[in-house]
Amino acid sequence: MAEETMTLRVTRYRPERGPDSYLDEFDVPYREDMVVLDALNHIKDDIDGSLTYRWSCRMGVCGSCGMMVNGMPRLTCSTYLREFHPEPVVIEPLESFPVIRDLVVDMTDFLEKLREVKPWVIREREDAVEEGEYLQTPEEVDRYKQFSMCINCMLCYSACPVYAQDPEFLGPAAIALASRYNLDSRDQGRSERDEVLGVDTGIWDCTFVGECSVVCPKDVDPAAAIQRTKVSTTTRGMLAAVWPHRGRR
Amino acid sequence: METIEHDIVIVGGGAAGLRAAIAAAEVSPQLSIALVSKVYPMRSHTVSAEGGAGAAVGGDDSLDLHAFDTIRGSDYLADQDAVEVFVAESPGEIVQLEHWGCPWSREPDGTIAVRAFGGMSVNRTVFAADKTGFHLLHTLFQTSLKYERIVRHDEFFVTSLLVEDGRCAGVAAIDLLDSEVRCITAKAVILCTGGCGRIFSFTTNAAINTGDGMALAYRAGVPLEDMEFVQYHPTGLPGTGILMTEASRGEGGYLVNNEGRRFLEDYIPSKMELGPRDILSRAIIQEIEKGHAFQGPYGEYVHLDVRHLGERTIDTKLPFVRELVRDFVGIDPVHEPIPVRPVVHYMMGGVDTDLVGRTRLPGLYAAGEAACVSINGANRLGSNSLSECLVFGARVGRKAAEDALDAQPVPGNPVARLAESEQERLVGSYLEKDGGRERIAAIRRDLQAALEKGAGVFRTEESLRDAVMAVRALRERYRAISLDDRGRAFNTELVAALELDNMLDVAETIVTSGLVRRESRGSHTRRDHAVREDDRFLKHSLAFATTDGPRIEYSDVTITRWPPAERKY
Ligand SMILES: Cc1cc2nc3c(=O)[nH]c(=O)nc-3n(C[C@H](O)[C@H](O)[C@H](O)COP(=O)(O)OP(=O)(O)OC[C@H]3O[C@@H](n4cnc5c(N)ncnc54)[C@H](O)[C@@H]3O)c2cc1C
Ligand code: SF4
Ligand code: FES
């Protein structure tokens, strides 16, 4: 029996060979249980070792393998070829990021944005370890849990029309991360983070398209984080105006 | 060539590396600390850890009980002084992570919750649902961002240690952006490079787990300890090798054979599903041999059944298991049993270190899965590894920081020359090499198959001897490799070639150490030497690099308060 195959059209870009990218076509053996990443690995291992992309865990948790698959930002280790079979599938680098090589994009800006929102517990006084844990009930964990599930895959940035227009925009995952700490009962750093979130390129840039939450593979719902932050910064801003020491903790 | 100067270089941004970086940063604001990693830190393999981190924090627990369980689990090969340090410092590390924001699962009163795990006699595994490693890693990474003195070199691949005048004085690393070698100097170099599960074909390990740090130390003359002890986890998904966490059994899941029977009653009735991993993996292989397994396209398997736990428990305690099984098997574990088989998971062995992470080479330290302290001996208990990364990561970070504050400056010129010759080697042997036609992937696949066959759950003299020969033959073939990719920007094929070089060295230590350990202990089970022989082998193996392959020596096991006894459950 002849092996079933499937065609992949893959963006190639090699800085040494000039500024233009091009599409390369590969036929790979097809099995029902193959993910897109398996096909890329087949190409790299057996056809063209110069094909370049990132991956590691192949279980949807390390966040490395995000690419555009037929125009949508997806985790290639969790996207099955059978979704597209027998039609060819097009693999491109994540949109809205500078490309380093083939399917590898530059993450520097994203990392800088994560750091900007001060993603660590901020407290006036840190207890010594000997004093034991800060108590936190399961309900208090639930308040921020969803926003702590982000794997930094950047799919939401690729889907975000605002980030595409304005690279200064803090972006969905960074805002979700700020919310994750703001909503954590152990943290007292909200006002410091609000300084970053409250500027034009923070939450106010967002026009609520909501694509970020649609493409997020981990149901983080960054759009909800942005919405909540808008509401709470507005009310706290108003409260602070009438009652100056509220709104800070 | 660019030289980058730091006081401390940490290779690896997983749990051990990040914990070490923060610990070192807290010793002194004067220290410049480099965190070098071949992937962005939050991509490190720690992210995949599911079940939890072991620490005696429960009311019914004690340090001695945790120590005893660990030592018995290790089949008495763990160094008991190391275990005592480990159990004493684990609870503090759990609280430290809590203070840094780790979303540990909680009891209704707000205290940290613990769950049952294999080989632990009370509930002692702290967890964050079943994404413990993910939360732990992101908490550490995010906390590390607070320290300006931790300077990251992301997507730098370390290719060799720079050893000058008997001291490790830095590393040579290629920046993936341009494939040029950077000379990174330091007074202390800490290897936190994780495990090497990718040497086997069927593994839970991520693509990056190629044993690089082990190979770097080995080539620099530092022995690799207890490399024959490879942990097979009893429950991996056939085909992909994706792990079904032990927490699924800790929460009450069953292992069932094709007769619908919980077969562990024939093997370890006192513990059943909560027995240690080596014993459970052997039991599954024996069930397969008896014809009690199911047949599938990716080999024989048994069932992990969690249906009786109910949807609610599964969703609160094992949501990731449900997600993974849905995404990667296409069934829902709430309604169907999960196919599982034993899968390579963890290396008990690693770079030989003392209790503060120092190796025999001055200036070189190690911690985490890459190191062997040894608390795991011949078999690690599930959930002890994350805690080990925290405890010994913190210890090595502090120690390296203190040592760096006292150390003489690095002799810059000679070290830079070493890095320059490393650059020449990479260009000559890879990027501009002529001839050769071996593909990297072909050699890698054959290596993985050889290890799978020769150093599996059950081993024999013959299987190990064949594996030794196979690895040597592959080493020959490696000389004839040729890269398709000669570009300098983000050359992942060059990285793969260097990783394969490391895998070959590490593989040789595994099969050679296994061949000469003619007894069965913990995960190392010899059909031809079925019993444990304390007279000859209550010893750590040490593999030293020589031009003819590894030379194996032995060293004593440290016994403090728990005299070796029969391992009974
Ligand atoms: C699926 C799975 C589930 C697990 N679940 C648990 C659990 O529930 N509980 C538990 O205790 N343990 C668990 N373990 C084991 C545990 O996760 C690992 O032992 C532990 O995370 C290892 O951490 P590490 O910091 O030593 O290394 P890693 O997290 O593997 O990090 C290694 C780092 O080294 C870097 N590196 C490697 N080589 C180089 C190089 N040449 N140059 C530059 N950088 C390099 C990598 O980039 C990476 O940052 C699990 C393991 C697996 C596979
Ligand atoms: S919010 Fe979702 S899509 Fe965005 S980076 Fe995080 S996990 Fe990825
Ligand atoms: S490879 Fe890790 S998320 Fe896909």
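A polar contact is a pair of N or O atoms within 3.5 Å; within protein, one atom must be able to donate a hydrogen and the other to accept it, and residues adjacent in sequence count only if both atoms are side-chain atoms. The views show a predicted model, in which local features need pLDDT of at least 70 and side-chain atom pairs count only at pLDDT 80 or more, while totals for chains, interfaces and linings use all residues. Residues are numbered from 1 along each chain as its sequence is written, chains are lettered from A and ligands numbered from 1 in the order in which they are written, and side-chain values use heavy atoms, with hydrogens and water left out.

**View 1. Polar contacts of ligand 1 with chain B.** An oxygen atom of ligand 1 lies 2.5 Å from a side-chain N or O atom of Glu369(B), a polar side-chain atom of Ser37(B) is 2.7 Å from a ligand 1 oxygen, and a backbone N or O atom of Gly13(B) is 2.8 Å from an oxygen of this ligand. Of the 1000 Å² of accessible area that ligand 1 has on its own, the protein covers 99% (Shrake-Rupley method, 1.4 Å probe).

**View 2. The shell around ligand 1.** Ligand 1 is surrounded by 39 residues, the closest being Ser44(B), His45(B), Thr46(B), Glu369(B) and Ser385(B) (a residue is near a molecule if one of its heavy atoms lies within 4 Å of it). The shell divides into 14 nonpolar, 20 polar and 5 charged residues, where Asp, Glu, Lys and Arg count as charged, Ala, Val, Leu, Ile, Met, Phe, Trp, Tyr, Cys and Pro as nonpolar, and the others, Gly among them, as polar. Its largest share, 4 residues, comes from α10(B); helices (H or I, at least four residues) and strands (E, at least two) are DSSP runs, numbered from the N terminus. The elements of chain B that each supply at least two shell residues include β3 (33–37) and β16 (338–347).

**View 3. The shell around ligand 2 in chain A.** Among the residues surrounding ligand 2 are Cys150(A), Cys153(A), Cys156(A) and Cys216(A), together with Pro217(A) and Pro222(A). This shell comprises 11 nonpolar residues, 1 polar residue and no charged ones.
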